Amino acid sequence: MLRRILLIPFVLLALGAIVGAAAALDVDGGTIQAFELEANVPTLTPQPQAGTKLSAYKTAKGFSEEGQTGVRGEVCVENKGDEPTQELSIDDIVQVKKRGRDHFEDLIGTSVDVSEKPTLAPGESHCYPYKITFELLDGATYRNVAMITITNYKGHVGSPFGIEVKKGFEMNDDDQDDDGDHGDDGDHDDDGDHDDDGDHDDDGKHDDGDGGDHDGDNHDDDEDGHDG
């Protein structure tokens with residue numbers, strides 16, 4: 001009995017050799033063919049990443065009252081996509097071009113309260129008020145920048161990404177509201193490569209250029225994309 005058990009592995013090896021040799025063996029005018037079965041594994045096509053897009057404009061008006069100076073206005077945001085926004089955030093920054101300088105730099109900023117409308121449905125828009133006070137600099141030129149991000153911007157789902165809008169203003173000017181030129185509709189390429197003029201270097205929400213230096217005049221009202 002033990003001898004038979006010991007012979008089993010050798011028999012199996014011999015059968016394997018015979019089958020391998022019979023891959024193209026002629027037998028009585030016929031041919032024994034060996035076949036290999038191939039498993040058909042379906043190729044999974046990546047699903048397009050969901051998300052939405054934004055468009056925005058802002059107003060900015062300098063003021064001096066009750067011993068305070070600063071700027072106030074609204075940041076108006078529209079959901080241009082097909083899904084509700086997620087984790088909407090607006091940072092508003094006063095920038096200054098000091099006398100004798102050829103670029104803007106950040107002066108002071110704040111987070112805009114979005115609790116009144118924290119989520120925008122597809123096609124919905126809302127204006128969020130802001131107010132920033134600061135000390136005036138002699139001979140300086142000012143502008144205001146709003147950076148709007150969500151975490152489900154199309155092509156960048158999962159991290160803060162969005163757009164920015166700028167508006168120049170003058171102190172004690174009674175007519176510095178938005179002129180209706182609101183930039184584009186937020187329909188940026190979704191490869192993360194958005195044009196910008198090198199405006200900000202902040203907490204990583206935005207893909208910018210030269211670390212807070214800004215070119216251009218003091219009445220920009222444009223809209224740029226930002227990477228998270």
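Predicted model: local features only at pLDDT ≥ 70, side-chain atom pairs only at ≥ 80, totals over all residues.
Across residues 174-221 the pLDDT stays under 50, and for that stretch the model has 152 contacts beyond four places in sequence.

Residues are numbered from 1 along each chain as its sequence is written, and side-chain values use heavy atoms, with hydrogens and water left out.

**Confidence**

The protein averages a pLDDT of 74, and 54% of the residues score at least 70. Confidence is lowest in strand S1 (residues 24-27), with a mean of 50, and highest in strand S8 (residues 125-133), at 98. Those labels come from DSSP runs numbered from the N terminus: helices (H or I) have at least four residues, strands (E) at least two.

**Salt bridges**

Side chains of opposite charge can pair when their charged atoms come close. The rule used here wants a side-chain nitrogen of Lys or Arg within 4 Å of a carboxyl oxygen of Asp or Glu, and the count comes to 7 salt bridges. Here are some of them:

| Residue | Partner | N to O distance |
|---|---|---|
| Asp-138 | Arg-99 | 3.6 Å |
| Arg-101 | Glu-105 | 3.3 Å |
| Lys-117 | Glu-124 | 2.9 Å |

Which parts of the chain does the Asp-138 and Arg-99 pair tie together? Asp-138 lies in the loop between S8 and strand S9 (141-150) and Arg-99 in the loop between strand S6 (89-97) and strand S7 (105-111), so the pair joins parts that are 39 residues apart in sequence.

Next, how open are these side chains? Buried means under 20% relative accessible area and exposed means over 50%, with partly exposed in between (1.4 Å probe, protein chains only). Asp-138 and Arg-99 are both exposed. Arg-101 is partly exposed, at 41%, and so are Lys-117, at 26%, and Glu-124, at 23%. Arg-101 also belongs to a network of salt bridges with Lys-98 and Glu-105.

**Rings**

Rings of Phe, Tyr and Trp (its six-membered ring) pair if their centres lie within 6.5 Å; planes under 30 degrees apart count as stacked, over 60 as edge-to-face and the rest as tilted. The whole structure has 4 aromatic pairs. One of them is Phe-134 with Phe-169, edge-to-face at 6.4 Å centre to centre and 65° between the planes. This pair links distant parts of the chain, with Phe-134 in the loop between S8 and S9 and Phe-169 in strand S10 (residues 161-169), 35 residues apart. Phe-169 also pairs with Tyr-142, this time stacked, at 5.8 Å centre to centre and 20° between the planes. Tyr-142 lies in strand S9 and Phe-169 in strand S10, so that pair ties together parts 27 residues apart in sequence. Phe-134 and Phe-169 are buried, as is Tyr-142, and ring pairs link the three into a cluster.

**Thr-69**

Thr-69 lies in strand S5 (residues 68-79) and counts as buried at 17% relative accessibility. A polar atom of the Thr-69 side chain lies 2.6 Å from the backbone oxygen of Phe-134. Beyond four places in sequence, Thr-69 touches several residues, including Phe-63, Ile-132, Phe-134 and Met-171.

Terms used: pLDDT = per-residue confidence, 0-100. Contact = heavy atoms within 4.5 Å. Polar contact = N/O pair within 3.5 Å; in protein donor to acceptor, adjacent residues only side chain to side chain.
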